[in-house]
Structures are given as C-alpha cells and as structure tokens.
Amino acid sequence: MRAARIHDWGGVPVIEEIDEPVRASGETLVRIEAATVSHLDLTIASGLFTVNPPLPYVPGVEGSGTVVESAVFEPGTQIIFREGCLGFTQDGTWRECASVPDELLVPLTTTLDPAIASTFFVPLTTAYVALFDIGRLRAGQSVIVTGASGAIGTLAVQLAQAAGAEVVAVVSRASRLDLLPPGVRGIALDDENAVLELAAARPADLLVDTVGGKGLGDRLKWVRSGGRAACLGYTAGTALTIDLPSWLFSNVAVLPVNLLNREDRAHAIAEELLPRIAAGELSIPVEEFALDEIAEGITRLASGAIKGRAVVRF
C-alpha cells in the first residue's frame, strides 16, 4: 500500500510503498479514505515538537475511514481517528490502510463525506469550547473572531451567529472577505482605518484569536474592560510580547484553549452537533489533494493559502 513518510526532520514527505498492516488482537483494520493535513502535523514533522516519532514515520493525527475487520466495530462502519499516539509516536493517517487499537477509533452515528468526517472534529469542538466553555459567550454579546475564513474561525462565526451574538469576522486581507458567511461584519487586517476603529471602540466582550503571533498584543485592545480573549492558534507566529502595565490596565483575561485535557467534553459536543454538520447547517470549507499532491497541500497550508482545511483523499 502507499503512504507518505517523513525521512528527515523538516523534509518533504516521500510517497512510497510500505507493508500492508496485519490486524492484531485489540485492533481494528481500517481502510483510510481521507486524512487531514494540519499545522500540528507540520509542527511534529519539523522535529521541534515535544514528542518525536522514530524516523521514518507516517504523519497524520486525524482522518476518517471504513472498518474492514474488527472484533468491536461492524465492517463498513464509518470511523474517525481520535486521541492516542497516531502521528505522534507511531505511524499516522497519511496511508491507505491502518490497523490501530480499538480505543483510538470513534464510530460516527451519522454518515458524512469522508473529507468532512476527517476534519470536522477538531475545528467544531475547539470553536465551541472557545466560545462557550472558556469565552462564556451569551446572546446579545459581541465577539471578534480572527482568522475567520479558516476552519476553526469559520465554525466559530457560524456558532456565534446561531447563538444570537453580534459577530465581527477578521481576515488577513480584503480578498478573503467574500469567504465569510452572510450577515456577518467582515474586517480585513490590511484595512488600517477599520483596525484603528476597533482599537478605539473596544467593542468585544470576547476575542476568539486563532492566529496568535506578535500582533495578539494589539488585538487585545479590541476587547472591552472585563472581557476575555480565548487564544487557540499560532499560524502568525509562536511568540507573544505583552506590555504588562498596559495589559493590567486593560483588564482583559487572556485564556488558553487546549482540548487535549477536554477530550470527553469534545466528544459530547461532537455528538450533539454532528447532525447539524450532516445537514449542512454548519459548514467546513475543505481543499482536497491526492496523495501525490501532498507536498503542494503542505506548502499551501504553511503559507496560509488553504481555505478551511487541507485533506488528502485516498
């Protein structure tokens, strides 16, 4: 079977033939239909992450597929990969077939397109937790979402709108404004006047920041006194410098969003919202690539050119 494997830290994945998996006791054999290409995958492949799998390895911490053989799941059941070590300490989802421990699989109660199935869990649950569990957003409040045309940002905008909040959706440049859903106020960061108006008005009860970087310190000035900033991404950079006197005076709580310690909560959210995903009430933009095109997908993801999420479709 074919797979994309990393042979050198920071290197380009190599498409090659590897051995077919053999199912062991306590494992399920899965035909992988779609595998997500995420920023976490790129971070691990850089060799700079906390956990380094042995080289060469198959990346991919997310994906969806169909059960081929299992003692737990019926053959033909659609599953997604969740939790555990896939893509971290052992081979992940960038391959055509895998045999993995039963407990790392979640069966879907509603059938989805494989690309959507492989991508919905993280952005949906992260957006929900950021808005409501950590951000405590209520109807009638104002929320600003940065990276609003990305996967998490898109769902945060939709969920906030559905909850009756006033939403300001911020994108990197004016050309991305047409990617926003109807009924939302869009602002591009290259519109200096609009950005200055946000800082002057401080309209937000909540900032959901999906991009991070040095500019986060300035974006905190968009939040009114007593408000919150839920921080969950670093596509614009991993470093942040805050002027402490200014921050203390602003009275804005800066809160991390980390679902690694909220897995049970994430599963409950996904189960509740899955029918809305299947019905198209909540949508996730996806760009698909063939396995042979994975290098292109990685380049586009790293440059911020992906609209939504990048997926390898087998």
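Which helices each supply at least two residues of the lining of the second largest pocket?

## Second largest pocket

The helices are α6 (216–219) and α7 (244–250), each of which supplies at least two residues of the lining of the second largest pocket. Helices (H or I, at least four residues) and strands (E, at least two) are DSSP runs, numbered from the N terminus. The model is predicted: local features need pLDDT of at least 70, side-chain atom pairs count only at pLDDT 80 or more, and totals for chains, interfaces and linings use all residues. Residues are numbered from 1 along each chain as its sequence is written, and side-chain values use heavy atoms, with hydrogens and water left out.

The second largest pocket holds about 220 Å³ of space. Its lining has 13 residues, and those closest to the centre are G217, L220, K221, S246 and W247. With four residues, α7 gives the most to this lining. By class, the lining of the second largest pocket has four nonpolar, four polar and five charged residues. Here Ala, Val, Leu, Ile, Met, Phe, Trp, Tyr, Cys and Pro count as nonpolar, Asp, Glu, Lys and Arg as charged, and the others, Gly among them, as polar.

Pockets and cavities are found on a 1 Å grid over the protein atoms alone. A cavity is a set of points where a 1.4 Å probe fits but cannot get out, whereas a pocket is an open set with protein on both sides within 12 Å along at least five of seven lines. Lining residues have an atom within 4 Å of a point. Grid points are joined across faces, edges and corners, and a volume is the space filled by probe spheres set on the points.

## Largest cavity

One cavity of 30 Å³ or more is found in a search of the whole structure. About 40 Å³ of space lies in the largest cavity. Its lining consists of E62, G63, I80, F81, R82, A117, S118 and F121. Two or more of the lining residues come from each of β5 (78–81) and α2 (114–119). The lining of the largest cavity divides into four nonpolar, two polar and two charged residues.

Two strands pair if DSSP finds at least two bridges between them.

β3 runs antiparallel to β6 (residues 97–101), with five bridges, and L29 has S99 of β6 as its bridge partner. Six bridges, also in the antiparallel sense, join β3 to β4 (residues 63–69). A34 has S64 as its bridge partner in β4 and R313 in β15.

## Parallel strands around β12

Strand β12 (residues 223–231) runs parallel to β11 (residues 204–209), joined by five bridges. β12 is also parallel to β13 (residues 253–256), with four bridges. A230 of β12 stands opposite V208 and opposite L255 in β13.

## Cysteines

The structure holds zero disulfides, a disulfide being a pair of cysteine sulfur atoms within 2.5 Å. For C85, the nearest cysteine sulfur is that of C97, 17 Å away. C85 counts as partly exposed because its relative accessibility is 22%. C231, at 17% relative accessibility, counts as buried.

Terms used. Buried < 20%, exposed > 50% of the residue type's maximum accessible area, 1.4 Å probe, protein only.
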